[in-house]
Amino acid sequence: MIRIENVTKQYKGTSRPALNNVSLEIEKGDFVFLVGASGSGKSSLMRLMLREDIPTSGSVHVMGENLVAIPSRRIPFFRRKLGVVFQDFRLLPTKTVAQNVAFSLEVIGKSQGFILEAVPDVLAMVGLEGKADRLPGELSGGEQQRVALARAIVNKPAVLLADEPTGNLDPATSEGIMALLERINLAGTTVVMATHDRGIVDRLQKRVVEMRDGEIFRDQRSAGYIKTQTDSHPVKSWNLAIDQSWSLGGDE
Amino acid sequence: MRFGFVIGEIGHGLRRNVSMVISVILVTFISLTFVGTASLLQLQIGQMKNYWYDRAQVAVYLCTEVSPADVCPQGEASTDLQAAIEDKLKSPVLQPYIKEYFFENHKQAYDKFQEQFAGNSVAKYVTPNQLNETFWVSLKDPSKSQIITESFSGVAGVEEVRDQRSYLDQIFNILNAASIAAVGIAALMLVSAALLISTTIRLSAFSRRREIGIMRLVGASNFYIQLPFILEGVVAATIGSALAAGAVLSVVQFFVQGYLATKLPFTSFVTLGDGLLVAPALIAAGILLSAVASGFAIRRYLRI
Ligand SMILES: Nc1ncnc2c1ncn2[C@@H]1O[C@H](COP(=O)(O)OP(=O)(O)O)[C@@H](O)[C@H]1O
Ligand SMILES: [Mg+2]
């Protein structure tokens, strides 16, 4: 589903690369936590998967698209098969909840009939029925993130990228968002979530990819936030990472 | 493509920076009015050239008793010399070029002079003998005046050969220079119109950067993202160029036809028909200019 090979990303005017020879493979239906300290390169990696940016070297394949070589006119169509949420929700403050979700469908040319059917469905799915006509400013942070999630999944994407989606939320609210992400994952969507929320990672026991200084430090199935001695190994190349994740095979 | 959505976005954008939109309208209005006026002036020059060049004659001035001695050593042209000149005009060599000619004697020249300079003190001092007797020659092709000039220059009894077109050319050169200046000013103003449109569109895009960001994220096509901005520039410029078209048409109708044509009844002026030719061209130019300028601006903004 996602294959990253020997990717290095060096931003202009910086001396150290933000990503250094990173390789990572994510299978269809996976749920992956991308963990690591602030500045370790999580968002940079996410931006490459979104084709917001291209690597300095190496290759990125997502859903069969070679994102280094994809022509720019095809990028919008690629992004329609992908959902994204961020820490800051990115909602339009002047549009209601329903209009925010509808907007993302309108701008990709969906019919009014489709929108009228899909929007209430997805709002019900994220638990916002009855709040369709509220403005984002009238909602709690958790509710706003639900709107953002509704917008991200309304088009039934194969992959959902979430960059610190609970970063602005208190633990109880975060639980709700995580439950929602798990449901989305169970329905077949591959989920990649960058976070440094230790409690969440420890409790869910999913695959954990830990980054340090732009490199993958650990790639472990059914793991917690901190490296455990028993079933983790430092990873040097993506081949090894894949072997390891296969052999550890947490969730068949 | 959902047109309701696109139209809503344009309306939103136009309302959001009303003052910039008004300045775009005014600048396109004024610059295209200049372009339109310059085009009409060119048409007018063309028409006047056609009209006057066809009527322009070549004058063969005969020597008088006051002519300078180096060109007229024999003084006043005698009747013999006159007859010789007239024979030459009738000769088979010149005949094919000449439509008609007539002779103006001292008396006729004096009457014409008195009429033209009535009330002027020179009219009192001039005598008929001081004014040239003249053969006025109309040519079949007025541009071939060279032939007459060459045949009669230096001929005994001829003081000077003069093509009236040389006077007309001076007038037309002045009019031409005026219309070129108008075109130059118009070009400068069109450049500022284009820059103003780009700036307006970039401001508009900046004030909608959230929407643009989300559109890109959810996979709206570039065309879909750019279209409302391009149309926003086009709508503003179209209003401006429609005003310019209206201004040009009113100038033709009320100033040229309503005023000039009644004051100078024997001159042919540009008509409303000519104006109706120029007006759509102005609107088309406004649309093209704004589409290019705003398309360029939004593409550059989105690349960053
Ligand atoms: N656009 C950018 N230009 C320059 N440096 C950047 C840019 N984005 C990120 N970086 C740098 O790259 C490194 C990784 O950042 P980031 O991917 O945002 O990490 P994380 O999301 O894990 O906090 C940091 O050192 C950061 O300063
Ligand atoms: Mg980050």
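User: Why is S241(B) called buried?

Analyst: Buried means under 20% relative accessible area, exposed over 50% and partly exposed in between, with a 1.4 Å probe and protein chains only. S241(B) has 0% relative accessibility, and therefore counts as buried. This is a predicted model, in which local features need pLDDT of at least 70 and side-chain atom pairs count only at pLDDT 80 or more, while totals for chains, interfaces and linings use all residues. Side-chain values use heavy atoms, without hydrogens and water, residues are numbered from 1 along each chain as its sequence is written, and chains are lettered from A and ligands numbered from 1 in the order in which they are written.

User: Where does S241(B) lie, and which residues does S241(B) touch?

Analyst: S241(B) is part of helix α9 of chain B, residues 222-263. Helices (H or I, at least four residues) and strands (E, at least two) are DSSP runs, numbered from the N terminus. Contact means heavy atoms within 4.5 Å. Leaving out residues up to four places away in sequence, S241(B) touches L32(B), L282(B), I283(B) and G286(B).

User: Is E164(A) buried or exposed?

Analyst: The relative accessible area of E164(A) is 13%, so E164(A) is buried. E164(A) sits in the loop between β7 and α6 of chain A. Apart from residues up to four places away in sequence, the residues that E164(A) touches are K42(A), F86(A), Q87(A), A194(A), T195(A) and H196(A).

User: What makes L186(A) count as exposed?

Analyst: L186(A) counts as exposed because its relative accessibility is 77%. This residue belongs to helix α6 of chain A. L186(A) and F31(A) are 155 residues apart in sequence, but 9.3 Å apart in space, C-alpha to C-alpha.

User: What is a nonpolar core, and which residues of the largest one touch the most other members?

Analyst: A nonpolar core is a set of buried Ala, Val, Leu, Ile, Met, Phe, Trp, Tyr and Cys residues joined through side-chain atoms within 4.5 Å. The largest such core has 42 residues, of which F33(A) and L181(A) touch the most other members. In chain A, two or more residues each come from β3 (31-36), α3 (97-106), α4 (112-125), α5 (141-153), β7 (159-163), α6 (171-186), β8 (190-194) and α7 (198-204). The largest share of this core is that of α5(A), with six residues. A second, separate core holds 33 residues, including F5(B), V218(B), L227(B) and A237(B).

User: How many cavities are there, and what makes a space a cavity or a pocket?

Analyst: The whole structure contains four cavities of 30 Å³ or more. On a 1 Å grid over the protein atoms alone, a cavity is a set of points where a 1.4 Å probe fits but cannot get out, and a pocket is an open set with protein on both sides within 12 Å along at least five of seven lines; lining residues have an atom within 4 Å of a point. A volume is the space filled by probe spheres set on the points, which are joined across faces, edges and corners.

The largest cavity has a volume of about 160 Å³. Among its 16 lining residues, L82(A), G83(A), R151(A), A152(A) and V218(B) lie nearest its centre. At least two lining residues each come from β6 (82-86), α3 and α5 of chain A and from α8 of chain B.

The second largest pocket has a volume of about 310 Å³. Of its 14 lining residues, V122(A), M125(A), I153(A), V154(A) and K156(A) lie nearest its centre. The largest share of that lining, six residues, is supplied by α4(A).

User: Which residues of helix α8 of chain B are buried?

Analyst: In helix α8 of chain B, residues 209-218, the buried residues are E211(B), I212(B), I214(B), M215(B), L217(B) and V218(B). Just after α8(B), G219(B) has a positive phi of about 90°.

User: How does the radius of gyration of chain B compare with that of a compact globule?

Analyst: The radius of gyration is taken over C-alpha atoms, and the globule rule is 2.2 Å times the number of residues to the power 0.38. A compact globule of 304 residues would have a value near 19 Å, but chain B has 31 Å. The C-alpha trace of chain B spans about 100 × 40 × 30 Å along its principal axes. Chain B has 10 helices and four strands, and 41% of its 304 residues count as buried. Of the contacts in chain B between residues at least 6 apart in sequence, 82% join residues at least 24 apart.
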